[in-house]
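Please study the sequence and the structure before working through the solutions.

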Amino acid sequence: MNAAIRHVVMMSGGIGSWATAKRVIDEQGPDEVVLLFADTKVEDPDLYRFLNDAAAQLGARLVTVADGRTPWEVFRDRRIIGNSRIAPCSQYLKQIPCRRWLEENTDPAQCAVYVGIDWTETHRLPAIQEAYRPWTALAPLCEPPYLDKQDLIRGAEARGLRPPRLYAQGFPHNNCGGACVRGGQAQWALLHETNPARFADEERQEQQMRAELGKDVAILRERVDGATRPLPLIELRSRITRGTTDTGDWGGCGCFTEPTANDPEPLHEGGDSTVTTQPVDSADMWAGLSQLEPAQPLTPMWDDPAPLKGPRALADFPTHALPSWLRDFVAAVAEETQTPVDLAGSIALSVLATAAGGRSVVQVRGSWREPTNLYVVVALPPANRKSAVFALLSDPLFDAEERLREASGPAIVEAQMTARLAKEAADNAASKAAKAAPDERDALVESALALAQTAESVKVPVEPQLLADDATAETVTSRLAEQGDRISVMSAEGEIFDIMAGRYTSGGVNLGVFLKGHAGDRLRVDRQTRKEYIENPAVTMGICVQPQVLEAIGRNEAARGRGLLGRFLYSLPESLVGYRKSEPDPIPDDIKATYHRNIIDLTLALADWTDPAVLQLAPDAHTALVQFQDRVEPKLRQREGSLGHISDWAGKVVGATARIAGLLHLAEHLENGHTVPVSQETMRGAIELGEYFTSHGLAAFDAMGADQTADRATSLLETLRAHGWGEFSKRDLMLKVSRSEFPTADALDPALGLLEDHGYVRALPVQRSGGRGRPPSPRYLTHPRLSTPTH
């Protein structure tokens, strides 16, 4: 605690927070005042200039705190797009960091907190004061003289302080670079006009997250024919072009003045009121103004809640990320077979992994190396011509396999002859030793033993094989041992999922080879007839299944519990059955020939490598992968991360991306891939593919029932509907829910948080009695749709 800090002004970077600080310093002096700013990492650069100038002009200490994330990173972690009703960025990027700083650096009994709401928002002050307890919260601009924003701007200019440039551009606030999610259509239209690059980035982020969530949600909403609907920025941009935006919808902003979810109205800072006040006639902006009555409280409103579940909007397969010869063939296969390009594209990656897996690794950093084998599964209903696509993609592998057999034929024949002659020599020596006289027997026995050991040491190579003829664990293990630690399983029917699910075994299925064959971990198998030891197993899989198979495998506790399902890259394309052309364009001969030749060349070039080719990353490629990892990591958080419920899969997506980058690199540099570093462009293509598989992986695990928080939130929703409570406590819920699903009150929190994020409930401020004893159970309001019967 720092007893010298007696006054903390919450500095948003707007003119209202400066005016608040000025009133505090005019009354208290600067020595015991701290200007506390929470950085969202997306502010307009001029905001930082204004803060520094303001702190210098006021003579007070400026303290900056930061969560470290951006608003979009928070939205992804919370699995919700912020909007005028729900803005988790305010809570996580501003309120929580500031609250933490207050707890660590001030004594609530001796320190007051000041917020920048003005006289038009006096009705909000009691809730704000309750939220800031045990600190005393004050709002100097709610006291006379009552000033509007233009008065404050003129006052700053009169004192030599240049106001933030966003005001001059027409923005009503100075938050988030003009891209505050609480803003309305007019704010976003102005951003499009003044900073089109920032608008484009926000639009891109929104579209990506809509795809990740698989829901029709957006920052903006509009009411059409009495119903509320999302208004994505991509649609708003079209309206801006046509001049049909709602120019009166400005929304608002108030990150430090949104204490609870029970305050649904958009907040704004510094008096965005249209009420005019008496102009300033002197340099003293704090006197000579008439006092106006504060506005009356507004009636709380409920917006339409967002659905908890729904089909996800899946990302399109990024064919442009593939090398040109592969991209052309994938597109041509999709056209000729009239199948989704995802099918050919995903299986093409498995083909590359068959050619390179076990023969190359990607050097990520330090001791982190990723092998280049992949597990890929595509889920499509019947009648989608999967077999035809598999045949077209995998044919060069069979041809390469045949060439390897032809090349190894003479060596195999020679080894067989040598082994036979060695065995005959050993047998003859043993027979001669058995018949020898006693004085000759010892020498002949010694010679016979040496010949037997020589015969035993002669190893006859097996015929090279790239693709396993069946997918049982025993067969895959044997093929790995025979084929230099690598084998591929490719199937248009997906029998391996049935095998892994234990459908064809009476006991438990052996998953060890599939687990270790993906990671490259040592594999030792002790059999009655022989022992098999595999140093660096590399199994590749490219398979198709019907969508219902995913649901079935999701119920296999062994597959899920041991992490097997977390090793697959999933693709769930939309079936084209019913929309196919009767006479599609055939695959051009030159494109087919190029694909066939390149796959064979790549396979043969790497086939004889015993130590794997090490693929290095160029520095900018490494940087791109690290940045991708930094984006993924917060999403893995168990409670609020968008990938937290599938962290066993998502925790491997960066490694899978590195593997894909290695495969794309080898496909781009067929002859000298091991001598050229992986480029940034190739890594970016791999990252796009990683993001594609993340989008589809979320949908796949939805089908496998991985999102328990959403399932439990749905269960709570049904309970709330059944009882019709307008208001309830956690204790009320605990008396009604299943204890097997919610064993403790804390187990309710993730599901209640999701209901709150989606607008079904609102947390009420905790009512503190001031006495000792157990605190009251948290209470919530329910959406009127849940508490009001419909007829």
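**Overall make-up**

The protein has 28 helices and 19 strands, where helices (H or I, at least four residues) and strands (E, at least two) are DSSP runs numbered from the N terminus. The model is predicted, so local features need pLDDT of at least 70 and side-chain atom pairs count only at pLDDT 80 or more, while totals for chains, interfaces and linings use all residues. Residues are numbered from 1 along each chain as its sequence is written, and side-chain values use heavy atoms, with hydrogens and water left out.

**Exercise 1.** State what percentage of the residues in the protein is buried.

*Solution.* Step 1: recall the term; buried means under 20% relative accessible area, exposed over 50%, and partly exposed in between (1.4 Å probe, protein chains only). Step 2: of the 791 residues in the protein, 53% are buried.

**Exercise 2.** Determine whether the faces of strand β14 are covered or open, and name the strands that pair with β14.

*Solution.* Step 1: β14 spans residues 538-545, and eight of its eight residues are buried. Step 2: in a regular strand the side chains alternate between the two faces of the sheet. Step 4: two strands pair if DSSP finds at least two bridges between them. β10 (residues 375-379) runs parallel to β14 and is joined to it by five bridges; β11 (residues 486-491) also pairs with β14 in the parallel sense, over six bridges. Step 5: I543 in β14 stands opposite V377 and is also the bridge partner of S491.

**Exercise 3.** Find how many disulfides the structure holds.

*Solution.* Step 1: a disulfide is a pair of cysteine sulfur atoms within 2.5 Å. Step 2: the structure holds zero disulfides. Step 3: among the cysteines, C111 is buried at a relative accessible area of 3%, and C142 is buried at 6%.
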